[in-house]
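Here is a short report on a structure that may be new to you. Keep the sequence and the 3D view open side by side while reading.

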Amino acid sequence: MKITAGGVVAAEWTKFSTLRSTWLTTGISVLLLIAFGAIASASFSGGGLTSVDLALSGSVLAALSVGVLGVLLGASEYTTGMIRATLAAVPRRLPVLWSKSLVAGAAAFVTMTAGAFAAFAVGSAVLNDRVAGIGLGDEGVVRALLGAGLYLGLVAVLGVALGVLVRSSAGAIAILAGALLVVPGLAPLLPDSISDAITPYLPSNAGGAVMALTHTDGSLAPWAGLAVFAGYVVVTLAAAAYRLKKTDA
Amino acid sequence: MIQVREVTKRYGAKTVVDRLSFTAQPGQVTGFLGPNGAGKSTTMRMIVGLDAPTSGDVLVNGKPYVSSKAPLHEIGVLLEAKAVHPGRTAVSHLLALARTHGIARSRVDEVLDLAGLSAVAHKRVGAFSLGMGQRLGIAAALLGDPAVVMLDEPVNGLDPEGVLWVRNLLTGLAAQGRTVMLSSHLMSEVSLIADHLVIVGRGKLLADTSVADFVTTEGVRVVTAAPDELRALIARPGVTVTSTGAEELLVAGVSAREIGLAAATRGIPLFELTPQNSSLEEAFMDLTRDAVEYEAAR
């Protein structure tokens, strides 16, 4: 009998998979992704957006939803008091954060990638006549769909990190929603020169770049965008790790 | 074995645990007693590394808990506040803890059975009564077959049958050579189980004694017209005199006969001279009433 890295991951998977709320939130995230993609694909008749862009139009809400999944996983340890049992079993503490992030990230990546491909399939089937359909073989399509899964996986990790950092579901969800939804809306209020310079680097814009098929001047290249978003996640994780290690549970 | 060494815990200006030292020995049940707010829970949290001491250190089986390779095998704990997600079933909760150490599923069923929870193993913990929650906490504490079992207020919320179960369980664990420590704010609960007592008040150690010695350290109640004079008369090393009222003294270390004779030689009037045969409960109350009432004889 010994504590192992694999054991801590298995324990976190057990915690993840034995809560009804986990399955509910994951299901809702997939549903949002597919439903919004289908609605947008069927109804949009303008120009400038490809069928992939339309199929992934649910990604904003799905991001919020998987982010909440991550937050609940992290913050519920504190709101329920489970953290005492968790850390008494794993007194080194940090393996818990890494394992939780891995489990949430991997689960979100797998389900959301599947969701993105499903959204593309459904969206293509119901696509509005005025938008040209494209296939999986076309340039950038697989990258965009896989990118959506990667981005949403990272959002789940961001949620875990925020939950462990803030230790309150409501607080962490507010920060998450603020970072992903509110901040991009506020940037245009700044003077144009500043706004243009920072807008591509805002979390949701940077992460969104990997899902976009068409790139304008005001956005980062796909993988560069994802890398910037991963940077935000790493910084938040580091802050969560510091608080977890240094303060009383 | 649990060794608490000169441990202090401060939250801002408030000192919750103040240079506390004691050892819980293997093969014994150590009762950790003190009024509410005496720092018991904080001390127990520091033992398993949930809180970091401001100064001093704690060893579990001779080493810091954090460095343990198999923490659940070293010490099993039940902490006073619930440490369970209410949405999880009892068996899932234990399984999650077991997996960190690669503990077999069969052991989970074993401790559930031991705690009498087999019938509700697949019920969500949120629906558990306080007593069932305590049983689950004790099951979790035993999961890793630990050398040390430490329970914070384990009989809280248990019915009489449950209290008896805990009592037999803990004495059984100690008989197997394990270190058992339980906290309580009620002497009556602990005196039936414990071999050794560690009593704290306001974070300070008040007594570290065997249960047998704790009762015999009781003294003689003296009511006299001249308490100061009598105090000076009987003072010597090994004698403790405590002022319990304007004319009352509680004297330990001298027999009633000696006090009476000493008073007679000086003509000090005595109104009462009563050997105290107080219960453990009373002794505990006296001890914890106010830590600053104590004064060593010169």
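A:Pro222 touches A:Arg143, A:Ala209, A:Val210 and A:His215, leaving aside neighbours within four places in sequence. One of these contacts can be given as a distance. A:Pro222 and A:Ala209 are 13 residues apart in sequence, and their C-alpha atoms are 4.9 Å apart in space. A:Pro222 belongs to helix H11 of chain A, which covers residues 222–246. Its relative accessible area is 16%, so A:Pro222 counts as buried. Bear in mind that this is a predicted model.

**The largest pocket**

A:Ala209 turns up again here. The largest pocket has a volume of about 690 Å³. Its lining holds 25 residues, and those closest to the centre are A:Ser204, A:Asn205, A:Gly208, A:Ala209 and A:Ala212. Which elements give two or more residues to the lining? They are helix H4 (59–80), helix H8 (169–186) and helix H10 (203–208), in chain A. By residue type, the lining has 12 nonpolar, 12 polar and 1 charged.

**A residue of helix H4**

A:Ser59 sits in helix H4 of chain A. Is A:Ser59 buried or exposed? A:Ser59 is buried, because its relative accessible area is 7%, below the 20% cut-off. Leaving aside neighbours within four places in sequence, A:Ser59 is in contact with A:Leu33, A:Leu152 and A:Met211.

**Nonpolar cores**

In soluble globular proteins, nonpolar side chains tend to be buried together. Here, the largest nonpolar core has 139 residues. Which members touch the most others? They are A:Tyr151, B:Ile75 and B:Phe214. Helix H7 of chain A, residues 141–166, gives this core its largest share, 14 residues. A second core of 15 residues is separate, and B:Val220, B:Val222, B:Val251 and B:Ile268 are among its members.

Now look around A:Tyr151. Residues up to four places away in sequence are not counted. The residues that A:Tyr151 touches include A:Ala63, A:Leu180, A:Ser204 and A:Gly207. A:Val210, A:Met211, A:Leu226 and A:Phe229 are also touched by A:Tyr151.

**Where the chains meet**

How many residues of each chain are in contact with the other chain? On the chain A side there are 29, and on the chain B side 37. The area buried between the two chains is about 2800 Å². Carbon and sulfur atoms give 60% of that area. A:Met1, A:Arg84 and A:Asp248 supply 23% of the area that chain A buries against chain B, more than any other three residues.

**Chain B**

Chain B has 298 residues, and 51% of them are buried. Its secondary structure comes to 11 helices and 13 strands. Along the principal axes, its C-alpha atoms fill a box of roughly 75 × 40 × 35 Å. Take the contacts in chain B with a separation of 6 or more. Residues 24 or more positions apart account for 68% of them.

B:Arg105 is found in helix H4 of chain B, residues 105–114. B:Arg105 counts as partly exposed because its relative accessibility is 40%. Not counting residues up to four places away in sequence, B:Arg105 touches B:Val91, B:Leu95 and B:His122. B:Leu72 is 33 residues from B:Arg105 along the chain, and 15 Å separates their C-alpha atoms.

**Positive phi angles**

Two residues other than glycine have a positive phi value.

Conventions: Residues are numbered from 1 along each chain as its sequence is written. Chains are lettered from A and ligands numbered from 1 in the order in which they are written. This is a predicted model: local features need pLDDT of at least 70, side-chain atom pairs count only at pLDDT 80 or more; totals for chains, interfaces and linings use all residues. Side-chain values use heavy atoms; hydrogens and water are left out. On a 1 Å grid over the protein atoms alone, a cavity is a set of points where a 1.4 Å probe fits but cannot get out, and a pocket is an open set with protein on both sides within 12 Å along at least five of seven lines; lining residues have an atom within 4 Å of a point. Grid points are joined across faces, edges and corners, and a volume is the space filled by probe spheres set on the points. Helices (H or I, at least four residues) and strands (E, at least two) are DSSP runs, numbered from the N terminus. Ala, Val, Leu, Ile, Met, Phe, Trp, Tyr, Cys and Pro count as nonpolar, Asp, Glu, Lys and Arg as charged, and the others, Gly among them, as polar. A nonpolar core is a set of buried Ala, Val, Leu, Ile, Met, Phe, Trp, Tyr and Cys residues joined through side-chain atoms within 4.5 Å. Buried means under 20% relative accessible area, exposed over 50%, partly exposed in between (1.4 Å probe, protein chains only). Contact means heavy atoms within 4.5 Å. Buried area is the accessible area (1.4 Å probe) that two parts lose on being put together, summed over both.
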